Amino acid sequence: MAYTTIDDPSAHFQIATYTGNANFNTITNDGNSVLAPDFVWGKCRTTTKTHYVYDTIRGTEKRIEPDNSGVEDTGTNGLYIFQSDGFKLASGNTENDDGESYVAWQWKGNGGTTSSNTDGNITTTLQVNSTAGFSMGTYTGINGYKTIGHGLGAIPDLVMIKGRGSNGGAAQYWVVGAPNHTNFGNSASKHVFLDTTNAVMNNTTIWYNTAFTTTTIPIGTHAAINTTDGTYVFYAFKNIKGYSRIGHYTGNGTSNGPFVYTGFKPAFILIKNLDATQVWIMYDIERKSFNQDAAVNSIYASETSAEYTGASYHNLDILSNGFKIRLTDASQNGSGVDYLYMAFAHNPFVTSTGVPTTAQ
């Protein structure tokens, strides 16, 4: 088996940092490959503002916010053009306030081209990037225990579902499942909410104790994922050797924390304590140039707060084949605590031809 099928991860995932100008603002990527993003997740770094998510399956100017359970906002100009190597923002929105610093994480889907999937008993509209193990889809709920097709051809390693409309009331949480993760289980109803700090939970109205399959995601009767006429969007990921890794590690509670092998040098890392109430922590290589540098700042996916610059959250080494935790904080390294992580590559540890990449 090849070391990796993706020698240049920037063809499928890139990170852009930019400064807002309160006017039309073109954000251009600078990776090795040209990347026309289909899924953009961004955050202001310098002040308290909500995260923002846009994608080409719902269309421009339709924002959802990972840090809260609010419905889709269609009243903002926001991101109004997905471009061939980045995106363009309009004026008068929190994604582009004058002088503020931002970061945007971007994934490639299928260039905006969708297909109808009937693998489940609810039809989904899908975009699938099978090379990079990423799909996203929309569907309309039908009350009862149902399934939706995800198009990945393998059991997803992580799924995020968000209610878009007001149908279903206030319970529009971002539901996250990791069916291949030991602490979730493929045939259970364990989940976490991206927009809260809660530990892993068990609710039979989420996945209704039914297995994810290579073609479908089970959805129960919880309003956050399935209510009659409710509208939803989901993002699904599977591990791709040398490019992406969703897994778990156990903390040891010491400053010589665990090393987590990914098989690539990470560009992006998302971490969640599954055993206790803790924030979701986000790191990326664009905001971190050197290991243990004072500018190694974290962002909380579950919070609106500005980028955190305190020393207690930035002792993390990004290495050529993984990352190493170097702090004792319970958000990332409590003794005996189980952590979920999701990482995407800056470059693979070994190329498809067997050539090792330069070590960090």
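Thr216 touches Asp119, Gly120, Thr147, Ile148, Gly149 and His150, leaving aside residues up to four places away in sequence; a contact here means heavy atoms within 4.5 Å. Thr216 sits in strand E17, and with 9% relative accessibility it counts as buried. Buried means under 20% relative accessible area, exposed means over 50%, and partly exposed is in between, using a 1.4 Å probe and protein chains only. Helices (H or I, at least four residues) and strands (E, at least two) are DSSP runs, numbered from the N terminus.

This is a predicted model, where local features need pLDDT of at least 70 and side-chain atom pairs count only at pLDDT 80 or more, while totals for chains, interfaces and linings use all residues. Residues are numbered from 1 along each chain as its sequence is written, and side-chain values use heavy atoms, with hydrogens and water left out.

**Confidence**

- The chain has a mean pLDDT of 90, and 92% of its residues reach 70 or more; pLDDT is the predictor's confidence in each residue, from 0 to 100.
- Over residues 289–295 the pLDDT is below 50, and this stretch has 15 contacts in the model beyond near neighbours in sequence.

**Nonpolar core**

- In the largest nonpolar core there are 40 residues, and Phe39, Trp105, Trp107, Tyr235 and Phe237 have the most contacts inside it.
- For the term itself, a nonpolar core is a set of buried Ala, Val, Leu, Ile, Met, Phe, Trp, Tyr and Cys residues joined through side-chain atoms within 4.5 Å.
- As background, nonpolar side chains tend to be buried together in soluble globular proteins.
- Not counting residues up to four places away in sequence, Trp107 touches His12, Phe13, Pro37, Asp38, Phe39, Trp41, Phe134, Phe237, Tyr243, Phe268 and Phe344.

- The largest pocket holds about 240 Å³ of space, and of the 16 residues that line it, Ser10, Gln14, Gly31, Glu286 and His346 are the closest to its centre.
- On a 1 Å grid over the protein atoms alone, a pocket is an open set of points with protein on both sides within 12 Å along at least five of seven lines, whereas a cavity is a set of points where a 1.4 Å probe fits but cannot get out; lining residues have an atom within 4 Å of a point.
- Grid points are joined across faces, edges and corners, and a volume is the space filled by probe spheres set on the points.
- Strand E1 (13–19) and strand E26 (338–348) each supply at least two residues of the lining of the largest pocket.
- That lining divides into six nonpolar, six polar and four charged residues, with Ala, Val, Leu, Ile, Met, Phe, Trp, Tyr, Cys and Pro counted as nonpolar, Asp, Glu, Lys and Arg as charged, and the others, Gly among them, as polar.
- About 180 Å³ of space lies in the second largest pocket, whose lining has five nonpolar, four polar and two charged residues.
- Lining the second largest pocket are Tyr3, Ile240, Lys241, Gly242, Ser244, Arg245, Tyr261, Thr262, Gly263, Phe349 and Val350.

**Buried strand residues**

- Ala267 belongs to strand E21 (residues 264–273) and counts as buried because its relative accessibility is 6%.
- Among the residues that Ala267 touches, beyond those up to four places away in sequence, are Phe13, Ile15, Tyr283 and His346.
- Ala267 and Phe13 are 254 residues apart along the chain, yet their C-alpha atoms are separated by 8.9 Å.
- Tyr283 lies in strand E22 (residues 281–284) and is buried, at 2% relative accessibility.
- From Tyr283 to Ser10, 273 residues away along the chain, the C-alpha separation is 17 Å.

**Loops**

- Thr47 is in the loop between strand E3 (39–44) and strand E4 (52–55), and its 24% relative accessible area makes it partly exposed.
- Thr47 touches Glu100, Thr304, Ser305 and Ala306, again without residues up to four places away in sequence.
- Tyr208, in the loop between strand E16 (201–202) and strand E17 (216–219), is not a glycine but has a positive phi near 45°; at 18% relative accessibility Tyr208 counts as buried.
- Asp229 is in the loop between E17 and strand E18 (231–237) and has a positive phi of about 70°, although it is not a glycine.
- Ala223 is also in the loop between E17 and E18, and counts as buried at 18% relative accessibility.
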